[in-house]
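Please report on the backbone geometry, the strand pairing and the ligand site of this model.

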Amino acid sequence: MTLTAVPSQTLLNPILEIAGGRSLRGELGVSGAKNSALVLMAACLLTRDQIRLRNVPPLTDITAMGEMLASLGGRVVRKGDCLELDGDHINNSTAPYELVNSLRASFFCIGPLLARTGMAKVPMPGGCQIGSRPVVEHVRGLKAMGAQVTIEHGVVQAVVPGRSHRLKGGRIHLDCPSVGATETLMMAAALADGETVIENAALEPEVVDLAGLLIAMGARIRGAGTPTITVVGVDRLHGADYTVIPDRIEAGTFLLAAAITRSELRVAPLIPEHLGAVLTKLEEAGCRLEHDGIGTIIEARDIQAVDLRTQPFPGFPTDLQAPFMSLLATAQGTSVITENIFENRMQHVAELQRMGAAIRLQGNTAFIEGVSRLSGAPVQGTDLRASAAMVLAGLAAEGITTVRGLEYLDRGYANLEAKLASVGARLQRVSANSQLLQAA
Ligand code: UD1
């Protein structure tokens, strides 16, 4: 495997130093969607032919998924923003614990691995900072397709009985519209015998993107993006050349960077339908938005309080809850945010409070009374999107903010410092003991 590590990882004990309070101007480029790219990479296990994925962001999570595929016998080569994936020599059906533990999405390999080889041994991913994150829906669906699944000593072992080692189509009703379960089961069903119907499927754009790749590989899938997805299994899938959709969460984070600094920015490429609920809330908060067919120009002056609740797509995405809270911490009036997807996704509240935000937390509901100015402080990002929330708060705050926990940021934002610096932000990655920036 020749995936290179992300270069900005080389500093010892790095922190991000931000001199806040500057307005931004210009254009921010959006990379390919991390969550799409990860699952599209797993789909390469379904064929012996080469898959070329374009617009794949340089992120540590992508490197980790490459390592997972390599551990199963796959070959992954990066050429610029392209990945060439070769699943011809898949010779191992056992995923290593360290990789599943460090990258939850690598559990989703269980579906294609089982479909391709007739067996898979994948450690349970366990919980993470934001919640317990069960995989029962994935397992229940695979059982409905004829797999025999046992869970022992923290490892999910799945076997397809019979001589053909081929999963059978079935009707699966998901208890909750899990993105990962929908993706796992779509991949498994693509090579199964007969028709699989997934009901109460996730509607997220990443599910539609996966269907796009699978169809390009010769799969027969209809209904992706609706609650009922039908997959008619085929005997074999072939290679494909496919471009990953733009990252809607990165795009949303950039729109929020403009809003929190009361600036004007163009964010591109951005597909408005992928961010409907977020764009609506930004407009409700007082931002002016203009879509030009490829990107979106956002202009922000006064920000008003708004209420929001996280929901599965097309509702407001949980992954932008923390970043949006940073904005509302600076709004006029009191906002209410309710987190409905993950049970422990409010850890950024305490960090925002350290920066002068006035937030009261009751269970998974935050009452945010906007303040006129946040003040720079040392803060800790506790997960990927909480870290992004800290960066946004730092851009708006008076004085210097130092953000720790950059290993999370590097999982989901490609070249974040360089991108933000190009529109006028003052920020740099330094070793924890060498602070350099002066307040603006
Ligand atoms: C994906 C995204 C993640 C995003 C999340 C929700 C990837 C790699 N990650 O994660 O960034 O925050 O969607 O939009 O695409 N659930 C169950 N049982 C299950 C599976 C899930 O109860 O078997 C619940 C979860 O606890 C959670 C909800 O369903 O409350 C959504 O989880 P899910 O859609 O599965 O998230 P992921 O696919 O893991």
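Proline 314 sits in the loop between strand S17 (308–309) and helix H10 (321–328). Helices (H or I, at least four residues) and strands (E, at least two) are DSSP runs, numbered from the N terminus. The bond joining phenylalanine 313 and proline 314 is a cis peptide, with omega about 10 degrees. This is a predicted model: local features need pLDDT of at least 70, side-chain atom pairs count only at pLDDT 80 or more, and totals for chains, interfaces and linings use all residues. Residues are numbered from 1 along each chain as its sequence is written, and side-chain values use heavy atoms, with hydrogens and water left out.

A cis bond also runs from alanine 268 to proline 269, with omega near -5 degrees. Proline 269 lies in the loop between strand S14 (264–268) and helix H9 (276–284). Arginine 262 is not a glycine, yet its phi is positive, at about 55 degrees. Its loop connects helix H8 (248–260) and S14. Most residues other than glycine have a negative phi, and most peptide bonds are trans.

**Strand pairing**

Two strands pair if DSSP finds at least two bridges between them. Three strands form an open antiparallel sheet in the order S6-S8-S7. Strand S6 (119–123) and strand S7 (148–152) each have a single partner strand, so one side of each lacks a neighbour in the sheet. From one strand to the next, the twist averages 15 degrees. Axes here are lines fitted to C-alpha atoms, for helices over the stretch in contact, and angles run from 0 to 180 degrees between N-to-C directions.

A second open sheet has four strands in the order S21-S22-S1-S23, with mixed pairing.

| Strand pair | Sense | Bridges |
|---|---|---|
| S6 and S8 (155–159) | antiparallel | five |
| S21 and S22 (400–404) | parallel | three |
| S18 (334–338) and S20 (365–369) | antiparallel | five |
| S19 (358–362) and S20 | antiparallel | five |

Lysine 121 stands opposite glutamine 157 in S8. Proline 378 faces threonine 402 in S22. In S20, isoleucine 368 is the bridge partner of serine 335, and alanine 366 is that of leucine 361. The hairpin of S19 and S20 has two residues between the strands, and glycine 363 there takes a positive phi near 60 degrees.

**Ligand site**

Which domains give residues to the shell around the ligand? Domain 1 (7–31 + 246–431) and domain 2 (34–243) both do, so the ligand lies between them. Domain bounds come from an automatic or database domain assignment.

The ligand is surrounded by 18 residues, the closest being Ser178, Val179, Gly180, Asp319 and Ile341. A residue counts as near if one of its heavy atoms lies within 4 Å. Helix H5 (136–144) and helix H6 (179–190) each supply at least two residues of this shell.

For valine 179, a backbone N or O atom lies 2.7 Å from a ligand oxygen atom. A polar side-chain atom of arginine 133 is 3.0 Å from a ligand oxygen atom. The protein covers 83% of the 740 Å² of accessible area (Shrake-Rupley method, 1.4 Å probe) that the ligand has on its own.

Methods:
Polar contact = N/O pair within 3.5 Å; in protein donor to acceptor, adjacent residues only side chain to side chain.
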